[in-house]
Each structure stands twice: as C-alpha cells, then as structure tokens.
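Here is a briefing on one protein chain. Take a look at the sequence and the fold before reading on.

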Amino acid sequence: MISCRNTVYLLEEALDSDRLVLQKMKKAAKAKYTSGQEHVSHLEQYINSMEKLSVNCHSNGETEVGSAFCRLADFSKELVSPMKNLLKSMLHNINFFLDSLVKGDLREVKGDLKKPFDRAWRDYESRFKQVEKEKRELARQYGMVRSEVSGGEIAEELEKERRSFQL
C-alpha cells in the first residue's frame with residue numbers, strides 16, 4: 001500500500017511538472033505567433049515601400065530600376081503568403097490544442113489523484129484498526145490472549161475498503 005501511495009504522489013508531481021512545461025510551451029508558442037504576425041506586418045510595409053519606390057522611379061524616367069523594385073516587391077509578396085499560411089497553421093494546430101490541454105484537460109485533473117487515494121487510504125486504515133480491535137476484544141471475551149490478528153481473519157471484513165483502495 002505504501003508503494004501505491006508513493007506511486008500516486010510521484011505521478012502527481014510528474015503531472016505538475018508536465019503542466020508547468022506545457023504552460024511555458026503555450027506562452028512560447030503564443031509569443032512565436034505574435035512575433036510572426038509582426039514580422040509579416042513589417043514585410044508588408046517593406047513591400048509597400050518598394051512598390052512606392054518603383055512608382056517613383058518610373059515617374060522619374062528610371063524604368064529599369066523601377067521594374068527591378070517592382071519584381072523584388074512581387075517576389076517578396078510570394079514569400080509572405082506561405083509565411084501567413086504557416087502562422088495560421090501553427091495557430092490552429094499547435095496553439096489551440098496546447099491551450100485546450102492546459103486550460104481544460106489538465107486543470108480538471110489538478111490534485112484529483114491524491115484526494116480519492118488519500119480518502120481510500122484513511123478509510124482502509126481506520127477500518128483495519130477497528131476490525132483488529134473488535135477481534136482482540138472478542139478473543140478477550142472468550143479468555144484468549146492475542147497480541148496480533150492474522151490478515152486472513154481481517155480480509156473478509158475489509159473487502160469493501162480494499163476494493164475502494166484498489167480503484
């Protein structure tokens with residue numbers, strides 16, 4: 001029973017450390033998404049500036065330089081589109097599930113391993129002591145002296161508590 005108790009406590013500690021790691025991961029993923037959005041925003045400003053520069057060059061008669069800036073702006077637009085898609089996928093596939101795991105599934109489990117186990121442990125021990133005391137008293141009434149009661153004698157009466165503890 002003590003090894004079961006230790007196992008439950010170890011599982012609870014491992015779950016708590018996993019919860020902390022997942023919360024840090026969630027924050028990092030959110031920061032990554034936010035910085036990615038800012039990066040895309042800056043790239044779009046950069047592209048707009050190149051397009052304006054291209055128009056200015058065309059109006060000043062420098063058509064080759066203007067067309068070069070226009071091609072560079074078009075190429076940059078092609079690079080921004082996959083980046084937006086990547087950020088959108090990351091938001092839906094990583095951030096959403098991390099958020100639901102941390103806020104939903106793990107929050108419901110917090111402390112739930114120890115409480116029922118401790119309750120079952122207390123019930124079992126108190127019932128064990130009660131039955132042992134009853135057996136000694138019964139033996140004393142019939143003139144027998146007992147220092148210990150065997151486990152087999154108590155096992156039947158502790159069936160309910162034992163099953164609860166095992167569950």
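The notes below cover the overall fold, the first helix, the core and a surface patch.

This is a predicted model: local features need pLDDT of at least 70, side-chain atom pairs count only at pLDDT 80 or more, and totals for chains, interfaces and linings use all residues. Residues are numbered from 1 along each chain as its sequence is written, and side-chain values use heavy atoms, with hydrogens and water left out.

**Overall fold**
- The protein chain has five helices and zero strands. Helices (H or I, at least four residues) and strands (E, at least two) are DSSP runs, numbered from the N terminus.
- From the N terminus on, the order is α-α-α-α-α.
- Buried residues make up 22% of the 167 residues. Buried means under 20% relative accessible area, exposed over 50%, and partly exposed in between (1.4 Å probe, protein chains only).
- The protein chain exposes about 12400 Å², and carbon and sulfur atoms supply 57% of that area. Accessible areas come from the Shrake-Rupley method with a 1.4 Å probe; for residues, only the protein chains shown count as cover.
- Of the contacts between residues at least 6 apart in sequence, 75% join residues at least 24 apart. Contact means heavy atoms within 4.5 Å.

**Helix α1**
- Helix α1 covers residues 2-59.
- Its 58 residues reach 85 Å from first C-alpha to last, close to the 86 Å expected at 1.5 Å a residue. The expected span is 1.5 Å times one less than the number of residues.
- Its buried residues include E12, R19 and S54.
- S54 counts as buried because its relative accessibility is 3%. S54 touches G66, F69 and C70, not counting residues up to four places away in sequence.
- Just after α1, G61 takes a positive phi of about 95 degrees.

**Nonpolar core**
- The largest nonpolar core has six residues: V40, I47, M50, A73, V80 and L87. The elements that give two or more residues to this core are α1 and α2.
- Such a core is a set of buried Ala, Val, Leu, Ile, Met, Phe, Trp, Tyr and Cys residues joined through side-chain atoms within 4.5 Å.
- V40 touches V80, M83, K84 and L87, not counting residues up to four places away in sequence.

**Surface patch**
- Y46, L72, F75 and L79 form a nonpolar surface patch, with about 400 Å² of accessible area together.
- Patch residues have over 30% relative accessible area and no salt bridge; like charges are joined within 9 Å, nonpolar side chains (Val, Leu, Ile, Met, Phe, Trp, Tyr) within 5 Å. A salt bridge is a side-chain nitrogen of Lys or Arg within 4 Å of a carboxyl oxygen of Asp or Glu.
- Helix α2 (residues 63-109) gives the most to the patch, with three residues.
- L79 counts as partly exposed because its relative accessibility is 47%.
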